[in-house]
Amino acid sequence: MTQIGARLLAATFRSKGIEAQITPPSDEKTVELGALYSSGEECFPEKVTIGDFLKITQAEGFDPAKTAFLMPSANGPCRFGQYAHLLDKILNDLDMSEILIVSPSSKDGYGGIGGTVFFKTAWIAVISADIIRKMLLHIRPYERVEGTTDEVYEKSIVRAEKLIERQDLNYNKLMSLLTKELISIRDNFRAIDADYVKGKPLLAVVGEIFCRHNRFANENMIRKLEEHGAETWLADVGEWIFYTVWSRMDKLVRKGKKLSGDMAVAKMKRHFMKKEEHKLLELFHDDFTGYEEPSDVTELVERAEPYLPSRGALGEMSLSLGRSSFSHSKGVDGIVDISPFSCMNGIVSETVYQEFSKDHNNIPCRVFYYDGVNIDLDRDIGIFMELVKGYKNRKKVERCYNRFFPD
Ligand code: SF4
């Protein structure tokens, strides 16, 4: 999850009376602990996650009997499904088996995370986080005074947290207040002194969900791309949740359960998710003109199909290719895929980006790998940006600007 997504999800737990906090920011100690208790074959996000939890166990006043770690899971070949098991084993080895590990799974679209009301609140928290981050990324590259967008962003997160964590609101009341709060947050972003000049290269950022969203894991890649003159469009967290629901429905169809109670539940869930997402996104209609999301995750899966068959290549690799194709259709100038070193998602995607690029007017696509070893990426980003500028001058699909860019 993104930091903002995790903060708003923690606020959702607090609204149900659970004293939830996000793990402190990752640092060198995180990597040190992650490496100490792993074999070296784990992916980088696994090391970071384990390291972050272990850091908490070493904090002053830590009480294992009063602690639970939320470590969601997924099925399929991805190592994410192993995180909770490894964490459990390590905590046992360290005599901390008292710590409860809460592990909802993608199998049912994370439905096991709590009851219906919890899921509904968590969903609008995730969508709000995606929206606020989108505003940050679309405005920051144009701000006149450095740091102003970050400041508005931080204040917006605190406001959203304070509202979502309230225990005295039912869902409808929360939604109504959240709508008002987001309008006010939107207006604060709009008030930022910015110089909206057309022509900045727009890059779609796709890839492994943890690494692309975790600033520590990707060495602040978004900021680096901005320093090189780009604006970025980062694939949302909500996209993954929609994908897990799509995946669940697809499996039911393949099991011959198209007309089943489980299918009805999955459809109702998808309907609710879309409806609420639409309501909140609509408030930002003018801001997100040109940055519209696909109408359905099925579109992404279908766009990926010529390169990665969705029923063979599951998960983020399909989404990365599908979003790359979708982003191309929106006029972006390049594709950046952020991947942990040794993760098959990045490796598989990289093998097909060449063909994808050829089919899309040679749009530059580049996978950047991360493994926790600090490397100077400036040279690589610089070369990539040269390709991006070349493509920008010859591309056939122009991007659409929102009304804040003067003609
Ligand atoms: S997608 Fe790759 S990096 Fe992410 S959890 Fe799975 S195996 Fe690890």
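Me: In this predicted model, why is asparagine 220 called partly exposed?
Reply: Asparagine 220 has a relative accessible area of 31%. Buried means under 20% and exposed means over 50%, with partly exposed in between, so asparagine 220 counts as partly exposed.

Me: What makes asparagine 362 count as partly exposed?
Reply: The relative accessibility of asparagine 362 is 44%. That value falls between the 20% and 50% cut-offs, therefore the label is partly exposed. Asparagine 362 also has a positive phi of about 55° although it is not a glycine, and its place is the loop between helix H14 (344-359) and E6.

Me: Why is glycine 315 called buried?
Reply: Its relative accessible area is 11%. Buried means under 20%, so glycine 315 is buried. Glycine 315 sits in the loop between helix H12 (297-304) and helix H13 (316-329). Its C-alpha atom is separated by 8.0 Å from that of tyrosine 243, 72 residues apart along the chain.

Me: How do you know that aspartate 376 is exposed?
Reply: Aspartate 376 has a relative accessible area of 64%. Exposed means over 50%, so the term applies to aspartate 376. Aspartate 376 is in the loop between strand E6 (365-370) and helix H15 (378-394). Together with Glu146, Glu227 and Asp378, Asp376 forms a negative surface patch.

Terms used. Residues numbered from 1 in each chain as written. Predicted model: local features only at pLDDT ≥ 70, side-chain atom pairs only at ≥ 80, totals over all residues. Heavy atoms only, no water. Patch = residues over 30% accessible without salt bridge, like charges linked within 9 Å, V, L, I, M, F, W, Y side chains within 5 Å. Areas by Shrake-Rupley, 256 points an atom, 1.4 Å probe, with all protein chains shown as cover. Salt bridge = Lys/Arg side-chain N within 4 Å of Asp/Glu carboxyl O. Lys, Arg positive; Asp, Glu negative; His and termini not counted. Charge placed at Lys NZ, Arg CZ, Asp CG, Glu CD. Helix = DSSP H or I, 4+ residues; strand = E, 2+ residues; numbered from the N terminus. Buried < 20%, exposed > 50% of the residue type's maximum accessible area, 1.4 Å probe, protein only.
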